[in-house]
Amino acid sequence: MLTIHKHPRPRKCAMRKFSINVLTQIHDRFTNLPLRFRERVCEECSWSIPTFYRKMRLMDKVHPETGREIPALSNAEREKIISVWKELLTETTQQLPKS
């Protein structure tokens with residue numbers, strides 16, 4: 001989707017229309033990606049935004065007696081997060097301008 005902007009200095013003749021350049025389009029897509037990722041993860045996992053950031057800070061732990069790793073996220077959460085990431089990457093690359 002291209003946004004059309006008018007030339008900054010209009011001439012007396014008919015106004016020319018210009019589209020945003022490809023660098024701006026790509027930058028905008030990648031700038032919005034973290035927010036879209038957070039929103040989708042919160043939606044899919046039924047988390048609030050504070051829960052998202054709290055879960056992001058958690059680290060896997062090791063049980064002191066057994067030495068087994070205790071993951072910070074459940075397997076279902078982990079799989080859903082990876083799924084959301086892959087979907088967003090696919091959507092983002094499909095929305096980029098074609099060369």
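1. Let's start with E44: with a relative accessible area of 35%, E44 is partly exposed. On this scale, buried means under 20% relative accessible area, exposed means over 50%, and partly exposed is in between (1.4 Å probe, protein chains only). You'll find E44 in helix α1. Not counting residues up to four places away in sequence, E44 touches K80 and V84; contact here means heavy atoms within 4.5 Å. E44 and I81 sit 37 residues apart along the chain, and their C-alpha atoms are separated by 8.3 Å.

2. Before going further, keep in mind that this is a predicted model, where local features need pLDDT of at least 70, side-chain atom pairs count only at pLDDT 80 or more, and totals for chains, interfaces and linings use all residues. Residues are numbered from 1 along each chain as its sequence is written, and side-chain values use heavy atoms, with hydrogens and water left out.

3. How far can you trust the model? The average pLDDT of the protein chain is 85, and 81% of the residues score at least 70; pLDDT is the predictor's confidence in each residue, from 0 to 100. Helix α2 (residues 49–57) has the highest confidence, at 96, while strand β1 (residues 4–6) has the lowest, with a mean of 51. Where pLDDT is low, the predicted coordinates should not be read in detail.

4. Now the overall layout. The protein chain has three helices and four strands, which run β-β-α-α-β-β-α along the sequence. Both kinds of element are DSSP runs numbered from the N terminus: helices are H or I with at least four residues, strands are E with at least two.

5. What about the surface? The protein chain has an accessible surface of about 8,400 Å², and 57% of that belongs to carbon and sulfur atoms. These areas come from the Shrake-Rupley method with a 1.4 Å probe; for residues, only the protein chains shown count as cover. Of the chain's 99 residues, 17% count as buried. As for contacts between residues at least 6 apart in sequence, 46% join residues at least 24 apart.

6. Take a look at how helix α1 (residues 22–45) meets α2: they pack at an angle of about 100°, and their axes are 10 Å apart. Axes are lines fitted to C-alpha atoms, for helices over the stretch in contact, and angles run from 0 to 180 degrees between N-to-C directions. The two helices, α1 and α2, are therefore roughly perpendicular to each other; that label covers 65 to 115 degrees, with under 35 counted as roughly parallel, over 145 as roughly antiparallel and the rest as oblique.

7. Which residues make the contact between α1 and α2? From α1 come F37, R38, V41 and C42, and from α2 come I49, F52 and Y53. Sorted by type, the contact of α1 with α2 has six nonpolar residues, no polar ones and one charged. Here Ala, Val, Leu, Ile, Met, Phe, Trp, Tyr, Cys and Pro count as nonpolar, Asp, Glu, Lys and Arg as charged, and the others, Gly among them, as polar.

8. S46 is placed in the loop between α1 and α2, and has a positive phi of about 55° although it is not a glycine. Is S46 buried or exposed? At 67% relative accessibility, S46 counts as exposed.

9. Back in helix α1 there is R40, which counts as buried at 18% relative accessibility. Leaving aside neighbours within four places in sequence, R40 is in contact with V84, E87, L88 and E91.

10. Finally, I81 is found in helix α3 (residues 75–95) and counts as buried, at 18% relative accessibility. Neighbours within four places aside, I81 is in contact with F37, V41, W47 and L73.
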